[in-house]
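Here is a short tour to read with the model open beside you. Take the topics in any order you like.

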Amino acid sequence: MVFRLTCARLKAERLLLLFAVLLLIAYISFCASDIRSYTDLYSYNQFEFSCKKNLNAFSESGFADVEADPVEIAIRYRVDPRDLPENADLYDVYVAVVRVNRADLYDRILGAGMLGAFPILDGIAMLLLYPLFRKRRIGQYLSAGYSRRQVFLFITLTYLAFVLLMWGLASLIWLTRFHIPFGAFWESQLAWLGFNLLCAALAYLAAMLLPRPAAAFFASLGVWLLLLLCIKYISAWVALSAALVLLAAALVIPWQQFRKRGFEV
Amino acid sequence: MSEAVLEVSRLRKGYKNHPVLKDVSFALEAGTSTALVGLAGAGKSTLIRTLAGLEVPDEGSVSLFGSSNEKELCRARRQTGFVLETPFGYENLTVLQNLIHRASLYGRPDMARIKELRKEMRLTERDHVGVKEKLRLLSLGAEKRYSLACALIPKPRLLILDEPLTGIDKENQRFLTDQLIRLREEGVTLLISGQSAAELQTICTRALLLEEGVLRRTVPMEEAVKEETEVAAEEKK
């Protein structure tokens, strides 16, 4: 029954859903072009191609000075000299530089893109959640004989469906857009999944408790920033504990509120 | 004596320490038509919203078709039609899409029934409500007709309406009055709220007089209208 309700709601909200997807695509395109401009992915590829034809391209590209000591070049381009083979020549240095920079590039793409994307995706999902609280919308489910528990469950499921859909779509676009190897991609994705779920819980909690979408959006963004700062400057364990408390609150408090006050958020 | 389809017992509801309903008790028997009359702020809408399950009562109980526990009450609401102040539905969807969505809440939508209701409630192209007419663009009269169509989807035995005739033009008032009389004659139990007993006198046979959250009296409709006329005449003086 809850599943049918969720499907009905998603179907009825198709315009909002379409809007969210368009917004997401716009955001990702913006993000992608931004990342591409500063990491210069394509120049690496071109450089690699030309190097295979002629090693001198390494110096012609301005990337390294052929006269310089290969170890010096390696250090300049953040390659640990211990990772170089014995008696490394310029080509060995080039291979190491490309490897290190490419790994760094993936990190930057995934890091910058997803760090920014998930709170925004959750924010969009949260904003989509708001119309549900309008009397005319939620009232139809309650007056049609659905219990508060069922309606609450279906609100949560709808929200999760929006978040997962957008997250899946973002992942797909990233995967196809940047041709990122599966291993690196899923490793990063799994690491971010936890983070994303936390953001989703925060946004959900804010949407359920705060009366205005803008207030909820900024509150969830504020808590999210605080947690990031906590990870960086205090301790990941403190941040994790705070996150777990928030997750528990996200499950318990909205239900209590909904049960007592109905849909009047 | 016929069975009670709706029983409200010592119902209390308030918002932030401001009581809106104070110990309201009444019962509706099957096949009767009752008006819930009171001025704005008397608590009519809160009472109806509580019956519809949109509000949780602070105290007291509601029993629909003999069911008063939460689970059974939900089941009983599936046999009840509700028309609230604002129509249920999605503003960005058309009338037809909303009707189909509403019908899907009761199971597989019966398209023949939806077609029939659109025709009955004058929600077709002929009545200037196009297939592509979105809910938010409807006039108040068409909105009320749409709300009644939604409420009739499950073929209810009990119909509860919150001020269905308020704020609409004479033609729509007449049309909705005729529809409600027809439903009464078909055996549907009616509870209709309104600010004036006069506008409901052709539909209802008795009136519940609600004043500042207290159910003062239950009187025959003629008496309610008579009292209303006398009060209006005194105020004129």
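In chain B, 3 strands make up an open sheet in the order β2-β1-β4, and the pairing is antiparallel. β2 and β4 of chain B are at the edges with a single partner strand each, so one side of each has no neighbour in the sheet. On average, neighbouring strands of this sheet are turned by 15° against each other, direction ignored.

This is a predicted model, in which local features need pLDDT of at least 70 and side-chain atom pairs count only at pLDDT 80 or more, while totals for chains, interfaces and linings use all residues; side-chain values use heavy atoms, with hydrogens and water left out. Residues are numbered from 1 along each chain as its sequence is written, and chains are lettered from A and ligands numbered from 1 in the order in which they are written.

- Strands here are DSSP runs of E with at least two residues, helices are runs of H or I with at least four, and both are numbered from the N terminus; two strands pair if DSSP finds at least two bridges between them.
- Strand β1 (residues 4–15) of chain B is joined to strand β2 (residues 18–29) of chain B by 8 bridges, and the two run antiparallel.
- Across this pairing, B:K13 stands opposite B:L21 in β2(B).
- β1(B) and β2(B) form a hairpin with 2 residues between them, and B:K16 in the turn has a positive phi of about 45°.
- β1(B) is also joined by 5 bridges to strand β4 (residues 59–64) of chain B, again running antiparallel.
- B:S9 stands opposite B:S61 in β4(B), and B:R12 has B:E59 as its bridge partner in β4(B).

**The six-stranded sheet**

- An open sheet of 6 strands in chain B has the order β5-β6-β7-β3-β8-β9, with mixed pairing.
- Its edge strands are β5 (80–83) and β9 (214–220) of chain B, each pairing on one side only.
- The twist averages 15° from one strand to the next, with axes being lines fitted to C-alpha atoms (for helices over the stretch in contact) and angles running from 0 to 180 degrees between N-to-C directions.
- Helix α7 (residues 221–236) of chain B packs on the sheet, touching β3, β8 (206–211) and β9 of chain B, and its direction makes about 115° with that of β9(B).
- Strand β3 (residues 33–37) of chain B runs parallel to strand β7 (residues 189–194) of chain B, with 5 bridges between them, and B:L36 stands opposite B:S193 in β7(B).

**Nonpolar cores**

- A nonpolar core is a set of buried Ala, Val, Leu, Ile, Met, Phe, Trp, Tyr and Cys residues joined through side-chain atoms within 4.5 Å; buried means under 20% relative accessible area, exposed over 50% and partly exposed in between (1.4 Å probe, protein chains only).
- The largest nonpolar core has 84 residues, and B:L6, B:F26 and B:L159 have the most contacts inside it.
- Helix α5 (residues 140–152) of chain B gives the most to this core, with 7 residues.
- Apart from this core lies another, of 8 residues, among them A:I73, A:V79, A:L84 and A:V97.

**Residues to look at**

- B:P220 lies in strand β9 of chain B and counts as partly exposed, at 39% relative accessibility.
- Beyond its neighbours within four places in sequence, B:P220 is in contact (heavy atoms within 4.5 Å) with B:T205, B:R206 and B:A207.
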